[in-house]
Amino acid sequence: MKITVGLCLLVLGCSTGVYAQSVSGSGAVTGMVRDQYEDGLPEAKVALSNEALGIHKTVTTTDDGVFDMPALPPHGSYKLRITRTGFANWDSNEFDVAMGQTVYLKIDMKVEEPATPTEAARAISAVDDNRAGISTLVTGNQFDSLPFFMRRVDAAVLLAPAVTTNPTTGELSFRGSPYPNAFFTDGLLTTNIFDPHQPGIADYVAPDALSEMQVIVATPSAEFAHSGGGMVNAGIRTGGNGFHGDGYGYYSSNAWSSPERFALGNKLFQKQTDAGGSMGGPVMRNRLFFFLNGDVLNGRFNDMNRITTPLLADPTGTFIPSGNCKSTVLACNAAINLIQPQMNVISPLSQRWTSGVLRLDYRLNNGDSIGLLANAMDSRLPIGPNVQAVAPNGGLLGINNSTIDTRYAKASWVHTFFPKGINEIRAGYTQDHMVNPASTANLPSGGAALSLLGANIGAVHPDPSQLIERHMHVLDNFNWTAFSHSLRAGVEYYINRDSITDLPNPFGSWVYPSLTGLATDLVGNNQRNYTSFSQALGINSRRVQQKQMRAFAQDTWKVRKGLTVTGGVNWEKTKFQQPSYANPTYYQTGSIPSRTVDFAPRLSVAWQADQRTVVRLGFGWYFDPYPGDLMDALRLGNGLDQYNLSSVPYQSGAPVFPKSVATPATIPAGLLNIWFANSKFRNPYTQQITVAVERRLTRDTDVTLNLITARGYKLWTAGDTNLIPPVVGETYTINNAAGQAVDTYSTLMWTTSLVNSTGTSTVNSLHTSDPNHEHVYQIGNDGTSWYNAAMLQVRHQMGRSLSVQLSYAFSHAIDDVGGPQFLPGVPVVSIPGNVTADKGSSAADQRHRGTLNFVWTPRILRNDSPAVRLLVNGWQLSGIATVATPQSVTPLVVVSGQQFPNITMEYLNSLNGSGGWDRAPFYGVNAYRLGTEYNLNARAAKIFAATERIRATVAIEAFNVFDNQYTTGVNNIAFIATGGILRPAAGAGQPDASSAFPYGSTARRAQVSVRFEF
C-alpha cells in the first residue's frame, strides 16, 4: 500500500495531466496563445463556433496563455477566433474534432495584421502531439463505406491493432488478455456488468447511429476506468442547423453464400435483411436539435449438431462403430441409439433485432447546453449458433431463441461557471433483460447433461434462466485552466442491481471417459462407470447489488514548447451486498472482502522533436470490475441457498445414472461443495507501459510505431482446501501410436489413502480432509498475465478520394490462468498450489495480426456532365483485409478409471488425481495450433448524386471473398490414460471447426444494399 500511495503522490506532485489524453464521450479543443516573443498571452478571448451544430463558446486564456474547451460533439466544422486588445484578430481555418481527441493549437498573435490562412493552418501540428497510448479512430465515413459483416460494431473494433476474437467464446480480446472490455456511449459505461465476457460488445446500437468510435488498446487517461482490458469510446450522432438523413436496406441470400467447411456440403445460412434510417436537424434553429435512428434486422439460418470425435465416430462422422463399445450387445446398442440421432442434425433458426436511438441537444446559451439520449434494442436470437454454427461435438440440440432487451437513457448538462471553468454532469440508466429458455432436445436421457469423451450428448440447457440488470450512473467532471495547467477532476457513483433466476444443472451432469462405461450404466445394472457427477439444487431466484464510488484527478502541464507532461490518478471503491449468513463450518462464507486502496496512477509524456515527429510515453494502472456473476456465485458459496453437489463414482452415496439427487433433504453426506473468497480477495489490475514514435512522412501520410508491455496482477484463481496433501508419486508410461513405450511421466498423486514413506497403504482411508463436504474452494488472486508487443499504424488520407489505414501487431500474450473455469472468471489449476505450472501462451494469443482498410472514390473524368456522373464517375471501392497467425488450444487427457493398483486416486479426471485441469502436462499450454486467417471483405458501390447532399448509393459487398475458412477448433483430446499407460488418442490435433461470431461460421457471404441520403 505504501508503494501505491507513494506513486500516486509522486504523479500528482509532478503536476501532470490532460493534453495528451483521450476524453470520454466527446472531444476537446485546447491550446496556447502567444505573443510575438513566444510568451503566453493572458486574458485573450477565445471564441469557438460550429455553425452546423449551433455551438458558440467563449473562454479566456490564463496568465500563461492556456485555454481549454472540453465536452465538444465530434464534428468537422469547428472554427476559432482569438481577440486581444493591442493585437490583430486571429481566425482559424475549419478543423475537425474527433471522438476522444484533444485538439491542441499553438497560436501566435500579431500586432500588425491577422494571420494568413497558411499561418492559421500551421497552428495545428502536422503530427498528433496530444495523444498518449494506443488507439484507433473509426469515423462515420468508415461506418458508411466499409464492408462490416452483419452490420455489427465488433467488426469495426477489429480495425485496431492488438484486438482479436476468442474463437471459442466470440468475445473481443485486447492485448490477448483475460480481462473484460468496457464500452462507453457518450461518456457513460453501457457494458453489461453481470457478464462482461459475453460476445457482442455493443449489440444494442446500430453502426448508423454512431458518429465516431475510438478504440483504446492501452494507457488511456484517468477519466477512463471500469476495465483492465480494452475500452471503446463511442458517440451517438447529433442533429444540427441543417436537416440531414438517410434510409438504407441490405439483403443477403443463401444463393450468394458458400457451404460451411464442416457442414458436409450444406449451406447453413439462408437469408438476412437489414433496413433502417436516420434523420437529424433543428427543432429550434441554433437552440434545439434532434437525431433519430431506427434499425430492423431479420435473419434465417440453420445450425448443425455433429459428433465427430474419432474416439466415438467413424472417420466421416456419420455413425458410431459398434467396435468402439466393449460392453454387452444390449448395453452398446442402448448407448449407440442415444448418440446416433444427434449426429448431423440440421435445425432451422431465426433471429430479429430492432433498435432505435433518439438524441436531443439544447443550447441554452453560449455557456450552457443540455443533452438527452434514449436507446432501445429488442432482440430474439439463438445464443449458441452465433458462436458455432457447426458443433463438432454437440451442444446445439434443442436451442430456442433467447430474448435480450436493452434500454439506455442519458441526460447531461455542460455549464460554464466562469471563463476558465467548465463543469459537465452526466446521468445514465441502463437495463438489460435477458431470458434464455430451456432447450427442447427431448433426449432419452431427459434433462441430464452428459459429456462423453469431450462430446456433449445430453441436455444443453435444461433449466430456463433470466437476468434483469439495472445500473444507474452519475458522473460530474470539472475542468479548470490556470497558468500552463489544465486541470480536470471528476467523481462517479453507480448502483448496479441484478435480479437472477437460474438454477444450473438441476437434473445432474455426468462425465464419462468411454463409450463402454456409458453403455454399461445405461442398462441399469447399478454400476458407476462415470468419471464425475455434479448437480445444483435449491432456490433459483435472488438479487445481487453493487455500489461503486470513483474519483479521478488530472493536471496538464505544458512544460515548454513541444513538451507536455500528462498525469493523474483514479480511485475506486466497490461495496457488495454481503451473504445473508455464513455456513456454520466455514465463517469465511459470510463475507466478501472489498478493498479501499484501488488507486490507479496514470502518467504520459509527449515530446515534439520537430514539426513532423512526436515521441510519446504512457504508463498506467487499470483495475478490473467485480462482475456480477462472480459476486452472485460467492454469495451462494455458503451452500445454504443453493446446493452445489459433486461426486466421484466410488464415493459413499454417489448417485447411479440416471438417478440424480431428488431434493435437498436427500443429499448424501459428503457431496456438498463450499467456496468462499479469502481475506485478501481483491479485483485484478494491469500495469501498462507504452512508447510511441509518430512521424508525418508526407502531407497525407503518417506512421506510428508503438511498443507496449502490460503485466496483469492478482488474477482470480481457485484452490481446493479439502484435498489431502500428496505423499506418494507414480510414473505413467507414454506409448506411441504403435503401442511402443517411448517416454514416461512422473507426478505426485492425490489419493484417498494415507501412504507411508515406503509407499505402503495404511488402514486409514479418507476421501477428503473434511468428510462432510466434497470440494472446499478458496478464491484468491494468484494469477498473472504478461503481454509484450510492437505495433505499426499507418494512416493515409488524400482528400476525399482515398483513405487507407494499416494496423499491424507483433505480440506475445502469456498467462497462468488458462484452465477451465470453476466460477465465472475463476479457473482451476492442474497442480494444486502451483499456478505457475500452467504458465503458457494465452488462448487469445496471436503473434502476428495485420489489418488494412481502405476507401477509394476516384474521380475518373473532370467533366461534370450528367452522362459522366451517371456512367463514369461516382464509383467507390473499399475493403478490409486481415492476415493473422493461428491461435491455439490446450491438449487434454481423458483418464479412464483408476490407474495404479496400490492407490485410489482422489478424483478421476486428471492424471495426478487432484480433480484440477485435465491438460496433458508434458505438452505446453495451448500447444495445438489452429488456422492462419487470410480474409478479405470487399465492397463496390455506385454513387448517384443529384446534388452535393442528395444522392443514392447502390453497393454489393462480399465477406471472406476467397472463402478461406480457417481452422478455429481441433480435436484437443491428446491421450487416453488406462492402467497407468498413456495412449495417443485417434485424430488428436485434427481440425474440426471453422466458426466465428456473430453467425457461427467463416463461410463466404455476400449482400447488396441501397442507401438514400439527403
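Modeller: The residues lining the second largest pocket divide into 11 nonpolar, 13 polar and 10 charged. The model is predicted. The volume of this pocket is about 420 Å³. Its lining comprises 34 residues, and the closest to the centre are Ala 71, Pro 73, Asp 361, Arg 363 and Ser 369. Several strands contribute to the lining: E3 (55–60), E4 (66–72), E15 (231–236), E19 (345–365), E20 (368–381), E22 (402–418) and E23 (421–436) each supply at least two residues. Strand E20 gives the most, with six residues.

As for the sheet, five strands form an open one in the order E39-E38-E56-E55-E50, with mixed pairing. Strands E39 (741–749) and E50 (892–895) stand at the edges; each has a single partner strand, so one side of each is left without a neighbour in the sheet. From one strand to the next, the twist averages 30 degrees. Strands of a sheet pair through backbone hydrogen bonds, in either a parallel or an antiparallel way. Within this sheet, strand E38 (residues 728–735) and strand E56 (residues 981–984) pair in the parallel sense, over two bridges. Thr 733 stands opposite Ile 981 in E56.

Technical notes: Residues are numbered from 1 along each chain as its sequence is written. This is a predicted model: local features need pLDDT of at least 70, side-chain atom pairs count only at pLDDT 80 or more; totals for chains, interfaces and linings use all residues. Side-chain values use heavy atoms; hydrogens and water are left out. Two strands pair if DSSP finds at least two bridges between them. Helices (H or I, at least four residues) and strands (E, at least two) are DSSP runs, numbered from the N terminus. Axes are lines fitted to C-alpha atoms, for helices over the stretch in contact, and angles run from 0 to 180 degrees between N-to-C directions. On a 1 Å grid over the protein atoms alone, a cavity is a set of points where a 1.4 Å probe fits but cannot get out, and a pocket is an open set with protein on both sides within 12 Å along at least five of seven lines; lining residues have an atom within 4 Å of a point. Grid points are joined across faces, edges and corners, and a volume is the space filled by probe spheres set on the points. Ala, Val, Leu, Ile, Met, Phe, Trp, Tyr, Cys and Pro count as nonpolar, Asp, Glu, Lys and Arg as charged, and the others, Gly among them, as polar.
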